[in-house]
Each structure stands twice: as C-alpha cells, then as structure tokens.
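Hello,

Here is the structure I promised to hand over. Please look through it first, then read my notes below.

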Amino acid sequence: MALGVRLLLLLALWTLVIPARSLREASDGGWRRPGPGAPAAVAEEERCTVERRADLSYAEFVQRYAFSRPVILQGLTDNSRFRDLCSRQRLLALFGDSVVRLSTANTYSYQKVDLPFQEYVEQMLHPQDPFSMGNDTLYFFGDNNFTEWASLFRHYSPPPFSLLGTIPAYSFGIAGAGSGVPFHWHGPGFSEVIYGRKRWFLYPPAKTPEFHPNKTTLAWLRDTYPALALSARPLECTIHAGEVLYFPDRWWHATLNLDTSVFMSTFLS
C-alpha cells in the first residue's frame, strides 16, 4: 500500500477515534480512569423504591414529601456549566494545589486528614477495598474551604425548594467507586450527582437500621443486606448524573458510590 494512501487511512481512523474519546470524557468528566474496575458487589438495586418526579411543584413537594418521605427530583435546575467545571482536568487545573480535608468513612467521621487535592485525586480515588474498615477509608466530602472554592461553587444552582426557617449549606464531594458513608442521620437536605452514580439506602426515623458504625456501606451490602427480610429492607435507589435526591429530617441514610462520583449536597440547617 502506497505511503500516501496509508496516511489517509490513519487520518480517517484518527478522526473517528478522537470524537469517541471526547464523547466519553464529556459523559464521565474524565473521572472513569483505565485500570481495574470497581468491586463486583457494587451494582444498582433490582428495583428503585424511591419515587422519581420531573414535574413537581413546590406546593406538592411540601405537602407530599418535605416532612414525610424521600423523592428524586429531575429537571428542576440546569447545572451543565457547573458540570463542565467539575471535569477531572478542570478541577485539577484550578484546585490541584489546594489543600482539602478528608474524613474517615464511618458513621461519626472521627479522623480528619489534610492533603493536596491533586494527591487525593491521583493516588486515593481507587475502588474501595471490600474488607477495609470505615476508619481506614478517607473520603472527600464536606469540610470545604468556601473562600478558596468560591469560583466553582458560585456556578452551582441548588434545587429551588426550601423549608421555612432553614438556611442552605453546600457540601461538595468526590469519591471512588465502592466508597460511601454508613448509616447516619441529620437534618433535611438535597444531594445531586454531577458525575457518576450514587446508590442510596434510607430508613424513616422510627426504624433504626442494623449496621456497625465502623463498617463500610460496601461491607454492609455484602454481609447484612442479603439476610434482611423484604419488610426490613430500606428504601433504595441509584441516583444518576443530573438527578437530585431529597431526604427529610432525621431519616437514616447510607450511600455507596457505584463509580468515581462527583456530587453536591445542599443541607437545610
């Protein structure tokens, strides 16, 4: 084959490969890196038991969900600009040298560790070891320096629903596949997935779940969840990019990131 023809064929193949690569990077923000996959236990639930709503008014939100049950909100805000800014490449360029505070992934978040954001992204965002304990797992969520990260957070549009007497507080996070926080509770709030998928498990305040505060959600899913009677199982659903989960006051909840995930929570405190 003549050299000129060979070069034309290579160029044609390259023009096919580049758009596909760009499309993948646009869909996952560059957060899904080559290498070993997530643990086999990390999967979506068989059936989502949390209602999804794309046409919810504020009046119906207050009447049906705000004080009684979780709901998944779709299409209420457009965070496409914020999503673009949260790609792996852009966050490393903007905040790679910034020091972030990590918490241990157990119910009470005992330990805090400070390190550069780039080090966290490049060295610690690997799939969760299924046998690690919660206090051995470091997780970037909350403890944000709002002054340093203001140039990013000002582009985020929170859900338009609020509760009387509360003030919204943001909590930004990035975590590896298989990581998560075991069962805990606090005030009401919203949690939006920017990239990746996050599986949620929720119990009402009167129904305390069976769990160990220092075991990871991945371990709970492996060891405890399969033995639960259907009547004892939590509400559960996997939240995808662009979706927002609302959870009411004092509802128990645990989370499990099915992919490397970027997310923003809005706590109503």
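Strand S8 (residues 197–203) and S11 pair in the antiparallel sense, over six bridges. Strands here are DSSP runs of E, at least two residues, and helices are runs of H or I, at least four residues, numbered from the N terminus. Two strands count as paired if DSSP finds at least two bridges between them. Tyr203 has Trp252 in S11 as its bridge partner.

Both strands belong to an open sheet of three strands, in the order S9-S8-S11. Its edge strands are S9 (235–240) and S11 (252–257), each pairing on one side only.

This is a predicted model: local features need pLDDT of at least 70, side-chain atom pairs count only at pLDDT 80 or more, and totals for chains, interfaces and linings use all residues. Residues are numbered from 1 along each chain as its sequence is written, and side-chain values use heavy atoms, with hydrogens and water left out.

Now the interior. Buried means under 20% relative accessible area, with a 1.4 Å probe and protein chains only.

Helix H5 (residues 117–124) has Phe117, Tyr120 and Val121 buried. They fall within an arc of 90° seen down the axis (taken from the directions from the axis to the C-beta atoms), so they line one face of H5.

Best wishes

Technical notes
Buried means under 20% relative accessible area, exposed over 50%, partly exposed in between (1.4 Å probe, protein chains only).
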